[in-house]
Amino acid sequence: MEIFMKEISILDSTLRDGSQGEGISYSVQDKINIVKALDELGVSYIEAGNPGSNPKDMEFFAEAKKLKLEHSKIVAFGSTRRKGIKCAEDANLQSLLAADTDVVCIFGKTWDFQVTDIIHATLEENLEMIRETVEFLVAHKKEVIFDAEHFFTGYNENAEYAMKCLEAAASGGAKILCLCETKGGMLPMQCYNMTKDVTARFGKIAAIGVHTHNDSGCAVANSLLAVEAGATHVQGVLLGFGERTGNANLSSIIADLQLKMDCSCIPAENMQNLTPICKRVAEITNIALEAGMPYVGSSAFAHKAGMHIDAVIKNPFAYEHVTPESVGNERVFLMSEVAGKSMIVEKVQKFDKTLTKSSPIVAEIVNRVKELEHQGYQFEGADASFEILVRKAIGKYQPFYNLHYYKTSGEFPRFADDQSAFAQFKIDVDGKVVVTAGDGDGPVNALDVAMRKALEQFYPNVAQIHLTDYKVRVLDGKGATASRVRVLIESSDGDEHWATMGVSSDVIEASYIALVDSFEYKLIKDLERKFGKLM
């Protein structure tokens, strides 16, 4: 028996509505790269900006014409004509035509208060502005999406007028009537009931869409309920950022609709690209992908409690609502004092498949982890340090050098604009002794410089390591300046990312411990790749 899935067109507004979020700014090349990523994911529409608002958007649309997209249509965004002038004389509409996209999205007022008190037009003139604008664009062979701005608020205040606005857009030839929950304050059942009314009235004339904001924390739920009520078009931002508290998060909506609601939003085979595409967009946007984001976050399939881990190892269905592979993510077992032996076994079996929960070495590792976490370590955030701990415990570790000493000193005032500290570092490798020195912006930076100078003489691939983040956390404020601190260092060689940790009452020592783990993790991995086996 053939199963028919409900077709839902997705419009991603990362480059328009999303770019209005605090701290978000895209270059033209950034926008091109995001378009390519979204097309690879397979969304129907990419709303790419307002060509009448700034020269950068016009430059983007000129570049976008050169793209050959497989799945997506580029959408130019703008408003209805201004009051008191003809469409042909409106600069914004001329810019939309100049953008030369097949699809345009026009927003118009549907809340009577906005019409009379914000743009100071009569209610009848606003209806004419909507209808005439859509007619003008349709006459120029454009597929028109009408964004009914403030629709849900407008419907709540004056349902008859809000409906007249949709009627004006539909009579002008709009293909999609998108109901915008602009203030973000509606609750799911309100969105459901209003969307159901609109679908009953206009569903046979045009596709009904929904565009929600997250001011009440309900943007995803509101969008899903609108689909239940008959909407077949959903707008949002892939990662949910945007003005104020953000837009509907499309990564969640796509997964919910496609995996749980028998809807087709993107090609089925592209679902496994969801997490990688989200990571790529986050990287281009220069933001961290939230760990706790449903489906695509690094914690979405992370397990920490011992009983949970034990059950998931036996059957993931015990605690996972979908498989991580279905959205291109991966399962993670977090190392901690509550993880238990199942977690340890899962980690150590890649080094020695004969180890089981009853193996004495597993108990030793569990006890060591508990001891270190009592001191302040937190291995769930430093998997590379945990791997080195396991290697040491099972005899799969050999140090790359012997430390004689390191010394650091600081100076104030600074002796240069970016340098305020010195470090000296003495090691030997196979009996060859090396002493190096470095200066830097603080003692940790200076120590890092000195260590690299020494290690690169023996291990040139150390030069590939870049520290991407450095965090210090005070573990017990009662000790004041003598408190223990935890240092977390994130590193990358361009291909792989890893995190290491050190704990001490001396921030330099804690940093040194984390740095050593970082360098050694890289060196171990490179050796294993070279020889094709675990060292």
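**Aromatic pairs, charges over rings and a buried aspartate**

In the predicted model, the ring of Y397 has the charged end of K392 over it, at 5.0 Å from the ring centre. A second case of this arrangement involves K407, whose charged end sits over the ring of Y405 at 5.1 Å from the centre.

Aromatic rings also pair with one another. A pair of this kind is described by the distance between the ring centres and the angle between the ring planes. Eleven aromatic pairs were counted in the model. One of them is formed by F77 and F107, with ring centres 5.4 Å apart and planes at 15 degrees; because planes under 30 degrees apart count as stacked, this pair is assigned as stacked. The two residues are 30 positions apart and link distant parts of the chain, F77 lying in strand β4 (residues 73–79) and F107 in strand β5 (residues 103–109). F77 has a relative accessibility of 7% and therefore counts as buried. F107, at 22% relative accessibility, counts as partly exposed, since the buried class requires a value under 20%.

The pair formed by F151 and F152 is edge-to-face, with a centre-to-centre distance of 5.7 Å and an angle of 85 degrees between the planes. F151 has a relative accessible area of 0% and is buried. F152 likewise counts as buried, at 0% relative accessibility. Elsewhere, ring pairs join Y401, Y406, F425 and Y512 into a cluster.

One member of this cluster, Y401, is also among the contacts of D428. D428 is located in strand β14 (residues 421–429). The residue is buried but has no salt bridge. The nearest side chain of opposite charge belongs to K426 and is 8.3 Å away, whereas a salt bridge requires a separation within 4 Å. The side chain of D428 does make a polar contact of 2.7 Å with the side chain of H404. When neighbours within four places in sequence are left aside, the residues in contact with D428 are Y401, N402, H404 and V433.

Burial was also examined in helix α8, which spans residues 219–228. Its buried residues are A219, N222, S223, L224, A226 and V227. An α-helix has 3.6 residues a turn, so residues three or four places apart point the same way. Just after α8, G230 adopts a positive phi of about 125 degrees.

Methods
Residues numbered from 1 in each chain as written. Predicted model: local features only at pLDDT ≥ 70, side-chain atom pairs only at ≥ 80, totals over all residues. Heavy atoms only, no water. Phe/Tyr/Trp six-rings, centres within 6.5 Å; stacked < 30°, edge-to-face > 60°. Helix = DSSP H or I, 4+ residues; strand = E, 2+ residues; numbered from the N terminus. Buried < 20%, exposed > 50% of the residue type's maximum accessible area, 1.4 Å probe, protein only. Lys NZ or Arg CZ within 6 Å of the ring centre and 35° of its normal. Lys, Arg positive; Asp, Glu negative; His and termini not counted. Polar contact = N/O pair within 3.5 Å; in protein donor to acceptor, adjacent residues only side chain to side chain. Contact = heavy atoms within 4.5 Å.
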